[in-house]
Amino acid sequence: APRGTVALSARGLTKDFRGFRAVKEVDLDVAEGEVHALVGPNGAGKTTLFNLLTGFIKPTAGTITVHGTDITGKLPEQIAHEGVARSFQITSLFDNLTPREHLELALQGMAGGGMRFWRSDRTLLRYRGRADELVEQVGLTALADRPAGELAYGQKRALEMALVLALDPKVMLLDEPTAGMGREDVERTIELVRRIAAGRTVVFVDHNMHVVGSLAHHVTVLMAGEVLARGTYERVRTDPRVISAYLGE
Ligand code: ADP
């Protein structure tokens with residue numbers, strides 16, 4: 001597992017929803033280049049923590065830093081500007097645009113400071129090379145010119161991963177990258193995340209322990225909003241508190 005510089009850090013992170021404390025004084029340190037899994041039973045606070053780390057919701061208390069820069073309370077676009085990008089569980093693709101067009105628009109939007117929905121062919125051509133690389137990286141070259149609406153579920157998720165990669169983030173947050181996938185797509189996604197994680201910091205939520213064990217250098221187990229255990233997969237897997245938390249699900 002990588003050591004050294006801390007890429008993403010949280011201290012005392014707390015979130016209250018109308019008096020209900022969904023995340024309680026969570027400390028988190030993710031080293032640069034590390035693949036870090038957030039796990040825990042339903043309602044443990046994983047999604048809330050994800051939303052806090054990416055600025056989609058603001059913490060009640062606590063601080064978040066990215067490579068030493070305090071991003072607490074910043075807006076999602078400001079946090080994205082610090083090099084943090086996330087994927088979503090819910091698909092956000094345009095059915096009538098192809099994977100290549102999605103990526104060209106994303107690359108163009110980054111250069112222009114926002115997603116634009118008009119296209120000048122000459123401008124898009126500039127992004128074609130990079131778009132092709134990204135399509136290839138996620139294994140969609142053969143489908144690069146098909147409307148996204150025709151892609152299978154696993155292929156759509158791969159395209160979403162490419163859209164996150166297009167941002168060239170320092171820290172990538174993946175929300176349940178294998179949710180709803182069959183065995184083959186799960187294996188493909190593990191390989192894909194392994195490839196794109198090389199040289200990058202990745203934090204992901206996943207319910208599939210095979211995925212967590214295959215990818216994560218470190219695991220943080222949440223339970224009722226608190227850190228129940230942390231360490232390597234092997235270590236948390238055999239932690240009696242973790243076992244009883246999962247048996248109680
Ligand atoms: P997980 O992703 O681990 O399943 P969540 O972060 O979605 O857990 O939820 C943690 C707890 O916070 C749950 O009890 C959930 O009902 C509650 N919660 C999440 N979002 C809200 C909200 N917007 N308002 C009120 N309660 C919420």
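This is a predicted model: local features need pLDDT of at least 70, side-chain atom pairs count only at pLDDT 80 or more; totals for chains, interfaces and linings use all residues.
Q: Is H1 mostly covered or mostly exposed?
A: Start with a general idea. An α-helix has 3.6 residues a turn, so residues three or four places apart point the same way. Now the case here. H1 spans residues 46-53 and is mostly covered. Seven of its eight residues are buried. A residue counts as buried if 20 or more other C-beta atoms lie within 10 Å of its own. The buried residues are Lys46, Thr48, Leu49, Phe50, Asn51, Leu52 and Leu53.

Q: What comes just after H1?
A: Look at the backbone there. Gly55 takes a positive phi of about 80°.

Q: What does H1 pack on?
A: An open sheet of six strands runs in the order E6-E7-E8-E3-E9-E10, with mixed pairing. Its edge strands are E6 (84-86) and E10 (226-231), and each pairs on one side only. Neighbouring strands are turned by 20° against each other on average, direction ignored. H1 packs on this sheet and touches E3 (35-39), E7, E8 (201-205) and E9 (218-223). The direction of H1 makes about 150° with that of E7.

Q: In which sense do E6 and E7 pair?
A: They pair in the parallel sense, over three bridges. E7 covers residues 171-175. To find the place, look at Val84, which stands opposite Val171 in E7.

Q: How many bridges join E1 to E2?
A: Eight bridges join E1 (residues 6-17) to E2 (residues 20-31). These strands run antiparallel. Ser9 stands opposite Asp29 in E2. The hairpin of E1 and E2 has two residues between the strands. In this hairpin, Arg18 takes a positive phi near 40°.

Q: How do E1 and E4 run, parallel or antiparallel?
A: E1 and E4 (residues 61-66) run antiparallel, and five bridges join them. Leu8 has Val66 in E4 as its bridge partner.

Terms used
Residues are numbered from 1 along each chain as its sequence is written. A residue is buried if 20 or more other C-beta atoms lie within 10 Å of its own, exposed if 12 or fewer, and partly exposed in between; C-beta atoms are placed from the backbone. Helices (H or I, at least four residues) and strands (E, at least two) are DSSP runs, numbered from the N terminus. Two strands pair if DSSP finds at least two bridges between them. Axes are lines fitted to C-alpha atoms, for helices over the stretch in contact, and angles run from 0 to 180 degrees between N-to-C directions. Two residues are in contact if their C-beta atoms, placed from the backbone, lie within 7 Å.
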